[in-house]
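This report describes selected features of the structure shown below.

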Amino acid sequence: MSDEPRVVGTLASQLQAFHKIIPHNRALGLEILTTTDGRAHVRLPYRPEFVGDPHTGVLHGGVITSLLDATFGLSAFMALPRPVSIATLDLRIDYLRPATPGATVHARGECYRLTRSVAFVRGIAYHDDEDSPIASGAATFMLANRPRRDARATGEVQP
Amino acid sequence: MSASLEQLREARARGDVRAMIAAIPYARFLGLDLELADDELRGVLRYSDALIGDPTLPALHGGTIGALLENTALLQIAWDIDLVALPKTISFTIAYLRSGKPRDVYARATITRQGRRVANVQVEAWQEERARPIATAAGQFLIQSAPRR
């Protein structure tokens with residue numbers, strides 16, 4: 001990681017940007033809990049409209065996909081030396097066990113390799129116990145060549 | 001047998017694709033739909049502003065396109081195979097090829113192999129032109145099919 005100072009703002013301002021820039025994250029009610037260099041911890045409170053099978057109350061896989069895509073994207077963003085737009089190239093999710101109906105889902109992502117063009121991220125989704133994840137995933141993101149327009153304007157990192 | 005599976009099987013027996021998707025709360029939340037076009041099952045993601053992942057372009061959130069792809073794959077399995085349990089996703093891999101524009105997205109799934117316990121499915125999503133997909137996916141699903149008579 002570079003030693004350049006980075007302006008990342010407070011968690012509250014990050015969350016505001018995360019929701020403002022990404023309307024679907026707001027629609028899902030995603031909450032950022034922590035971010036550090038190349039890492040993110042995001043929470044998704046349970047809602048009945050996320051259910052895939054109404055008989056069991058188990059979440060639809062698409063909800064986990066959105067949660068992990070958002071968490072992995074934020075992890076990649078937090079690894080960048082300066083803010084540029086990123087686009088998901090590829091996302092793989094392994095469903096390890098069914099989600100528990102009614103329970104909040106947490107996701108953690110870690111950007112474990114950053115090149116000039118590509119960020120490599122991996123992570124998990126879980127309820128209470130990180131050692132017993134409900135899904136694991138990996139993603140690659142393409143980095144834009146130029147800084148984000150909105151980031152240039154404010155000089156702030158906007159996930 | 002779950003009520004949802006029963007509902008799905010009845011809808012399948014009637015050939016009622018809308019009823020198949022109406023049973024899924026998340027499909028209503030996201031705006032997922034299903035239609036029959038030229039005898040093919042086609043998943044649709046109806047556009048709304050809540051699906052945006054990047055307003056500067058603007059582009060759809062990758063997760064919403066992933067949800068369309070996975071949902072279309074699951075329903076294709078339920079449409080093609082007489083199931084005794086809902087399919088379970090083992091693994092799902094999405095390749096994002098182009099950014100999703102703020103408009104409806106379509107998806108078509110193909111079962112590339114149906115074994116006794118696993119179905120392999122490929123899915124592609126497109127907007128203006130089917131020949132220019134915005135995303136493709138490959139998934140493996142655990143299935144329990146009804147015994148053949």
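Asp54(B) belongs to strand β3 (residues 52-54) of chain B; helices (H or I, at least four residues) and strands (E, at least two) are DSSP runs numbered from the N terminus. With a relative accessible area of 11%, Asp54(B) is buried, a term that means under 20% relative accessible area, against over 50% for exposed and in between for partly exposed (1.4 Å probe, protein chains only). The side chain of Asp54(B) makes a polar contact of 2.5 Å with the side chain of Thr56(B). Such a contact is a pair of N or O atoms within 3.5 Å; within protein, one must be able to donate a hydrogen and the other to accept it, and residues adjacent in sequence count only if both atoms are side-chain atoms.

## Basis of the model

This is a predicted model, in which local features need pLDDT of at least 70 and side-chain atom pairs count only at pLDDT 80 or more, while totals for chains, interfaces and linings use all residues. Residues are numbered from 1 along each chain as its sequence is written, chains are lettered from A and ligands numbered from 1 in the order in which they are written, and side-chain values use heavy atoms, with hydrogens and water left out.

## Two helices

Helix α4 (residues 62-80) of chain B has 19 residues and extends 27 Å between its first and last C-alpha, close to the expected 27 Å; the expected span is 1.5 Å times one less than the number of residues. Of the 19 residues of α4(B), 18 are buried, so the helix is largely enclosed by the rest of the structure.

In chain A, the end C-alpha atoms of helix α3 (residues 61-79) are 27 Å apart, in agreement with the 27 Å that its 19 residues should span. This helix, α3(A), is mostly covered, with 19 of its 19 residues buried.

## A hairpin in chain A

Strand β6 (residues 105-114) of chain A runs antiparallel to β7(A), joined by eight bridges; strands pair if DSSP finds at least two bridges between them. The two form a hairpin with three residues between them. Glu110(A) has Arg122(A) as its bridge partner in β7(A). Seven of the nine residues of β7(A) (residues 118-126) are buried, so this strand is largely enclosed by the rest of the structure.

## The cavity lining

Which residues line the largest cavity? They are Leu5(B), Leu8(B), Arg9(B), Arg12(B), Ala78(B), Ile81(B), Asp82(B) and Leu83(B). Helix α1 (residues 3-14) of chain B supplies the largest share of this lining, four residues.

How values were computed: 1 Å grid on protein atoms, 1.4 Å probe; cavity = no way out; pocket = protein on both sides within 12 Å on 5 of 7 lines; lining within 4 Å.
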